[in-house]
Amino acid sequence: MIAVIGLLIGIAAGLFLEPTVPEALQPYLPIAVVAALDAVFGAARAHFDGIFDDRVFVISFFSNVLIAALIVYLGDQLGVGGQLSTGVVVVLGIRIFSNVAAIRRHVFHA
Amino acid sequence: MTQEGSRGATTGRATPTEGLLAQLLNTDVDEEYLVAAARTASPAAGPSNARRMQISAAVVTFGVLLGVSVIKTERDRPQALVERTQVIAQISARQTRLDRLHNKLRFEQDRVADLQTSVAALVTSASRLGGEADMLGVASGETAVHGPGVVVTADNAGDAVPGAGGIILDTDLQALVNGLWAAGAEAIAINGHRLSTMTAIRFAGQAITVDYRSLTPPYIVAAIGDPNTLPARFLETAGGQVWLGLRANFGIRFRTRTAERLELPGRPPDSLLWAHRVTSR
């Protein structure tokens, strides 16, 4: 419940306050979102598995976002930012899919 | 994804790529949850307030990230759309301009072709007019000419006395010149004075004048024409008969010889005071 309310508050804040993202950070925003999505789905799956741990969630969330941004930043410095972004998105996408599949099994038992 | 229980169990030594894929598919985030769950055998009954705050922070951060990136993408899209529209408008404008220039080019090419045609026509008529002008210059005596012909040298009789008939008269010279014209001469000069249709040959005092300039004997009449036929045809004309008579009866000296090349000077143009061109066009 608290998670849903926080999510709604955050989305509302992002939509209506429209904080200006610094130009230098703009390339990392989509990757950060995908990484955060991965952490959130992982947490949801853990919740359904009954092994949710709030500390693990908080740490994995922020470290996911930071590491994803860091990888893209490194890629930018090395001239392979686009390729690394693609790689990160692919890996996180696979994880998201398998997590969602696990959640689906818990919800629909199918 | 049906064998939930196979997680963690290695599926044998596969190729590195397959191993990586298997690892990706099998190790999810909740590996850490499993570890944490194993460590704290009995999870806390409920999260503490501090933990709640942390979770809230993470979730709110996630929401903000989501919202901001949605906003940003939305905001960037119209920009790209605007640029796209502008580029399309520019392309069509340039296309229109190109078409217009093409049309203009075709129009100008047609005009150039027309002008070339008329230039060719003008050049033709100019060369025709030039030829005509040359012919007229030769005929009117304004143009210096050269060519084969005959030279008639005439002189008074050696013992000429005024009134006795041994003197060449203006009418005699007129007869000579007219005879040469009649015999086919194309250009005539007397003592270097070119004759035209309007040249007057007259007596003035004791001397014959041509174009009002006095001449002294001998009179050298140069005529350009066919040197083979001109002398004979001249003698057949009335003028020729006159001169044969003059030579026979009065001892006037008169000699004709042909020349391969004669040069006759031009003369100033005759000024026509009364005659005007008939403009039939």
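Reader: In which element is Val70(B) placed?

Author: Val70(B) belongs to helix α3 (residues 49–140) of chain B. Helices here are DSSP runs of H or I with at least four residues, strands are runs of E with at least two, and both are numbered from the N terminus. The model is predicted: local features need pLDDT of at least 70, side-chain atom pairs count only at pLDDT 80 or more, and totals for chains, interfaces and linings use all residues. Residues are numbered from 1 along each chain as its sequence is written, chains are lettered from A and ligands numbered from 1 in the order in which they are written, and side-chain values use heavy atoms, leaving out hydrogens and water.

Reader: Why does Val70(B) count as partly exposed?

Author: Its relative accessibility is 42%. Buried means under 20% relative accessible area, exposed means over 50%, and partly exposed is in between (1.4 Å probe, protein chains only). Val70(B) is therefore partly exposed.

Reader: What makes up the nonpolar surface patch of about 300 Å²?

Author: Leu15(A), Phe16(A) and Val70(B) make this patch. Patch residues have over 30% relative accessible area and no salt bridge; like charges are joined within 9 Å, nonpolar side chains (Val, Leu, Ile, Met, Phe, Trp, Tyr) within 5 Å. Areas come from the Shrake-Rupley method with a 1.4 Å probe, and for residues only the protein chains shown count as cover.

Reader: How many salt bridges does a search of the whole structure find?

Author: Five, over all chains. A salt bridge is a side-chain nitrogen of Lys or Arg within 4 Å of a carboxyl oxygen of Asp or Glu.

Reader: What makes Arg45(A) and Asp49(A) a salt bridge?

Author: The closest N and O atoms of Arg45(A) and Asp49(A) are 3.7 Å apart. Arg45(A) is buried because its relative accessibility is 1%. Asp49(A), at 31%, is partly exposed.

Reader: What does the salt bridge of Arg253(B) and Asp155(B) rest on?

Author: The closest N and O atoms are again 3.7 Å apart. This pair links distant parts of the chain, 98 residues apart: Arg253(B) lies in strand β8 (residues 253–264) of chain B, and Asp155(B) in strand β1 (residues 145–155) of chain B. Arg253(B) has 46% relative accessibility, so Arg253(B) is partly exposed.

Reader: Why is Glu263(B) called exposed?

Author: Its relative accessibility is 57%, so Glu263(B) passes the limit for exposed. The side chain of Glu263(B) also meets that of Arg261(B) in a salt bridge, at 2.9 Å from N to O.

Reader: How do you know that β1(B) goes with strand β7 of chain B?

Author: Six bridges join β1(B) to strand β7 (residues 219–224) of chain B, and the two run antiparallel. Pairing requires at least two bridges found by DSSP, so these strands pair. Within β7(B), Tyr219(B) is the bridge partner of Ala154(B). The open sheet has five strands in the order β3-β2-β7-β1-β8 (chain B), with antiparallel pairing. Its edge strands, β3 (193–194) and β8 of chain B, each pair on one side only.

Reader: What makes Asn191(B) stand out?

Author: Asn191(B) has a positive phi of about 50° although it is not a glycine. This residue is in the loop between β2 and β3 of chain B. At 27% relative accessibility, Asn191(B) is partly exposed.

Reader: In what order do the three strands of the other open sheet stand?

Author: The order is β4-β5-β6 (chain B), with antiparallel pairing. β4 and β6 of chain B stand at the edges with a single partner strand each, so one side of each has no neighbour in the sheet. On average, neighbouring strands are turned by 45° against each other, direction ignored. Helix α4(B) packs on this sheet and touches β4 and β5 of chain B, its direction making about 170° with that of β4(B). Contact means heavy atoms within 4.5 Å. Axes are lines fitted to C-alpha atoms, for helices over the stretch in contact, and angles run from 0 to 180 degrees between N-to-C directions.

Reader: What covers the pairing of strand β4 and β5(B), in bridges?

Author: Four bridges, in the antiparallel sense, join strand β4 (residues 201–204) of chain B and β5(B). In β5(B), Ile201(B) has Val210(B) as its bridge partner. The hairpin of β4(B) and β5(B) has two residues between the strands, and there Gly205(B) takes a positive phi near 70°.
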